Amino acid sequence: MYLFPELEIPEKKLRAVLVGCGEQATCLMHDAITYVAALDVVGVCDLNKERADFAARRFGLSRSYQDLDEMLSSVKADVAFVIMVPRLAPKLAKKCVEAGLDVYTEKPLGTDIQDLYELEAALKKTGRKLGVSFNKRFGLAYSDMKRAIDSEGFGHPAVFNVRFIGGYRSSPTDLLRTGSCHFFDLGRYMIGEIEEVFAYKYEQAPGQHVFAVSAMFDNGCVGSYTLGSVGSWACGYGMEAVDVRGDRNMVCADNGRDFMWQKPSKILNSYADGASNQNTQAVAEQAVPVEILRPNYSNPGKLTESTYFINGNFQCIRAFVDAILKGEEPPVGFHDGMMALKIAMAIEKSVEEKRAVRIDEIH
Ligand SMILES: NC(=O)c1ccc[n+]([C@@H]2O[C@H](COP(=O)([O-])OP(=O)(O)OC[C@H]3O[C@@H](n4cnc5c(N)ncnc54)[C@H](O)[C@@H]3O)[C@@H](O)[C@H]2O)c1
């Protein structure tokens, strides 16, 4: 049964605790969580009492917690949402797993590979499940891009191009391991495993960097990533762009929102037959219309026009909750978070050692 087309009335529910009530949680994730009807929020926690109290009020709770251990021992829950500073996220996720909870964690899964190995051991020991918030996989523009790439006639993906140049970052590591991990994940999701990277780094000043990365996918597709922190977080266009070429098919998405698909043009004449090929271009083509998808920003009364739906946060959380309710592995999980960190580390190693680095060199 449905409340609205996207909102199911659930048969079963999960009791959820929210760990971390900072900016991403308050402005985006808590909104998305309220719309997942299979979740009952039973506890909220943040070191910062004002932030935790604000979340408690929002979810109709009489109190908040400032200490995770205290919350875990006082509140009976099934799942935890860890929306935390990246350095601490895997440590707190591990505590929740050891307390018997399944965990959904914001990206990145972590920034220190040792922490991830420890979290992995805890998951294996307890049999608990973990989901990672690689919400772009579920975002409207990138879902459409994936559908186009997988469609009949698109052809083998030839090149995966990413430009992601946001505002200042605290360090190059932060840019790669925290900021860019979405795009390593999107490459793996849309194209295939990345086998090897070669990278150059430009540094303007501390916090202002650009990496130019060439990547090789296991299916032969080549990748090109330009990842930087010399731009602006507030720009309305051009901060993030992804495009993929197939066999005369071109798909691109700007700022994760505006999607465009140029389907193969009509071939008027082919000169690619040797003797008559006097032209530098092998075919003469006639343009065909382009398919464009752009969210209707002036109709926010629809769930599908809300930020957390356009960006895929709601769908990513709901996919995790559905999997937990069915006893299945979440569709985006520990392995995906680990691979994104390994790709970032391989890029750092390539810059340092001035050579191509295979992802399987990283441990
Ligand atoms: N999916 C996306 O596109 C996206 C976008 C932005 C941020 N994020 C991620 O969201 C996460 C949070 O980012 P943010 O910008 O909200 O950070 P933030 O600093 O605003 O929030 C982190 C919160 O954690 C709290 N905290 C720190 N240590 C704690 C502890 N030991 N126990 C309880 N609370 C503690 C802090 O008080 C703070 O309120 C990061 O992992 C970031 O990468 C994801």
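Tutor: Helices (H or I, at least four residues) and strands (E, at least two) are DSSP runs, numbered from the N terminus. The structure above is a predicted model, in which local features need pLDDT of at least 70 and side-chain atom pairs count only at pLDDT 80 or more, while totals for chains, interfaces and linings use all residues. Residues are numbered from 1 along each chain as its sequence is written.

Student: What does the secondary structure of the chain come to?

Tutor: The chain has eleven helices and 18 strands. Its radius of gyration (taken over C-alpha atoms) is 22 Å, close to the 21 Å from the globule rule (2.2 Å times the number of residues to the power 0.38) for 363 residues, so the chain is as compact as a globular protein of that length. The C-alpha trace spans about 80 × 50 × 40 Å along its principal axes.

Student: How should I read a sheet, and in what order do the nine strands stand?

Tutor: Strands of a sheet pair through backbone hydrogen bonds, either parallel or antiparallel. Two strands pair here if DSSP finds at least two bridges between them. The nine strands form an open sheet of mixed pairing, in the order S17-S14-S13-S12-S8-S11-S10-S9-S18. Strand S17 (290-293) and strand S18 (357-358) each have a single partner strand, so one side of each is left without a neighbour in the sheet. Within this sheet, strand S8 (residues 159-165) and strand S11 (residues 222-228) run parallel and are joined by seven bridges, with Phe-160 bridged to Gly-223 in S11.

Student: Which strands form the open sheet with parallel pairing?

Tutor: Five strands do, in the order S4-S3-S5-S6-S7. Strand S4 (39-45) and strand S7 (130-133) are the edge strands, each pairing on one side only. The twist averages 20° from one strand to the next, where axes are lines fitted to C-alpha atoms (for helices, over the stretch in contact) and angles run from 0 to 180 degrees between N-to-C directions. Four bridges hold the parallel pair of S3 and strand S5 (residues 79-82), and Leu-18 stands opposite Phe-81 in S5.

Student: Which residues of strand S14 form the covered face and which the uncovered one?

Tutor: In a regular strand the side chains alternate between the two faces of the sheet. In strand S14 (residues 258-262), Phe-259 and Trp-261 make up the covered face, whereas Asp-258, Met-260 and Gln-262 make up the uncovered one. On one side, S14 runs antiparallel to strand S13 (residues 250-254) over five bridges, and Val-251 stands opposite Trp-261. S13 and S14 form a hairpin with three residues between them, and Asn-255 in the turn has a positive phi of about 50°. S14 also pairs with S17 in the antiparallel sense over four bridges, with Gln-262 opposite Val-290.

Student: Is Pro-157 buried or exposed, and what does it touch?

Tutor: A residue is buried if 20 or more other C-beta atoms lie within 10 Å of its own, exposed if 12 or fewer, and partly exposed in between, with C-beta atoms placed from the backbone. Pro-157, in the loop between helix H6 (140-150) and S8, has 23 other C-beta atoms within 10 Å and is therefore buried. Leaving aside residues up to four places away in sequence, Pro-157 touches Ile-149, Ile-191, Cys-221, Val-244 and Gly-246; contact requires C-beta atoms, placed from the backbone, within 7 Å. By contrast, Ile-9, in the loop between strand S2 (7-8) and strand S3 (14-19), is exposed because 9 other C-beta atoms lie within 10 Å. Over the chain, 40% of the 363 residues count as buried.

Student: Which strands does helix H7 lie across, and how many of its residues are buried?

Tutor: Helix H7 (residues 172-179) lies across strand S9 (194-205), strand S10 (208-217) and S11, at about 45° to S10. Six of the eight residues of H7 are buried, including Leu-175, Leu-176 and Arg-177. The buried residues of H7 pack against H8, S9, S10, S11 and helix H11 (334-353). Helix H8 (residues 181-190) lies across S8, S9, S10, S11 and strand S12 (240-245), at about 160° to S8.

Student: Which residues come nearest to the ligand?

Tutor: Gly-20, Gly-22, Glu-23, Gln-24 and Glu-106 come nearest among the 23 residues around the ligand, a residue being near if its C-beta atom, placed from the backbone, lies within 6 Å. Helix H1 (residues 23-34) gives the largest share of this shell, three residues.

Terms used. Contact = placed C-beta atoms within 7 Å.
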